[in-house]
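I am opening a notebook on this structure. My entries follow the order in which I looked things up.

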Amino acid sequence: MPQARLSKTFRFEAAHFLPHVPPDHPCGRLHGHGYQVTIHVQGPVDPRMGWVVDFTCLEQAFAPLRDQLDHTCLNDVVGLENPTSENLALFILHRLQIDGARLVSVTVSETCTCRCTVYAPGGIMNDEL
């Protein structure tokens, strides 16, 4: 059965600081970002429906995490005491459940030029399906 990859991007606003950087590092001070999170899933294309999974399912799966993270200080979220982009992406990866598709990776962008992608086990994919 043919496989396909889907990606869906979400946004939320949050503040954070990095507690383990040197005292003069700017990221040690409280500051905020307009985060962009892209979840990447893969699965077989259902011959009847013509899709891997409905994009609405991805929205529903991410909604509780967005509610937990949006307009917060990420350092106050249990499990995000050191909220680097890598740790935030891992936090999301470990909590996201999507029925009907395999979560491949999560990309967190904290600015338009800085992003991090973490991969689920076996998630690093070859360009050809």
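Which residues does Val 53 touch, not counting residues up to four places away in sequence? I listed Leu 6, Val 41, Leu 58, Asp 99 and Ala 101. I keep in mind that this is a predicted model.

**Entry 1: Val 53**

I placed Val 53 in the loop between β2 and α1. Is Val 53 buried or exposed? I read a relative accessible area of 6% for Val 53. That is under the 20% cut-off, so Val 53 counts as buried. I also checked Val 53 against Gly 79, which is 26 residues away along the chain. Their C-alpha atoms are separated by 29 Å.

**Entry 2: the whole chain**

I stepped back to the chain. I counted 2 helices and 5 strands. Along the sequence they follow the pattern β-β-α-β-α-β-β. The C-alpha atoms fill a box of roughly 55 × 30 × 25 Å along the principal axes. The chain has 129 residues, and 40% of them count as buried.

I went through the pairs next. Strand β1 covers residues 3-16 and pairs with β3 in the parallel sense over 2 bridges. At this pairing, Ala 14 has Thr 72 in β3 as its bridge partner. β1 and β2 run antiparallel, joined by 14 bridges. Here Glu 13 has Gly 34 of β2 as its bridge partner. β2 also pairs with β4, in the antiparallel sense, over 7 bridges. I found Gln 36 opposite Ser 109 in β4. As a reminder to myself, strands of a sheet pair through backbone hydrogen bonds.

**Entry 3: the helices**

An α-helix has 3.6 residues a turn, so residues three or four places apart point the same way.

**Entry 4: His 71**

I stopped at His 71, in the loop between α1 and β3. What is its phi? I read a positive value of about 55° for His 71, although it is not a glycine. Most residues other than glycine have a negative phi. I looked up its exposure too. His 71 has a relative accessible area of 63%. The cut-off for exposed is over 50%, so His 71 counts as exposed.

**Entry 5: surface and charge**

The chain exposes about 7,500 Å². Carbon and sulfur atoms supply 53% of that area. I counted 9 positive and 14 negative side chains. The centres of the two sets lie 4 Å apart.

Note on methods:
Residues are numbered from 1 along each chain as its sequence is written. This is a predicted model: local features need pLDDT of at least 70, side-chain atom pairs count only at pLDDT 80 or more; totals for chains, interfaces and linings use all residues. Side-chain values use heavy atoms; hydrogens and water are left out. Helices (H or I, at least four residues) and strands (E, at least two) are DSSP runs, numbered from the N terminus. Buried means under 20% relative accessible area, exposed over 50%, partly exposed in between (1.4 Å probe, protein chains only). Accessible areas come from the Shrake-Rupley method with a 1.4 Å probe; for residues, only the protein chains shown count as cover. Lys and Arg count as positive and Asp and Glu as negative; His and the chain ends are not counted. The place of a charge is taken as NZ of Lys, CZ of Arg, CG of Asp or CD of Glu. Two strands pair if DSSP finds at least two bridges between them. Contact means heavy atoms within 4.5 Å.
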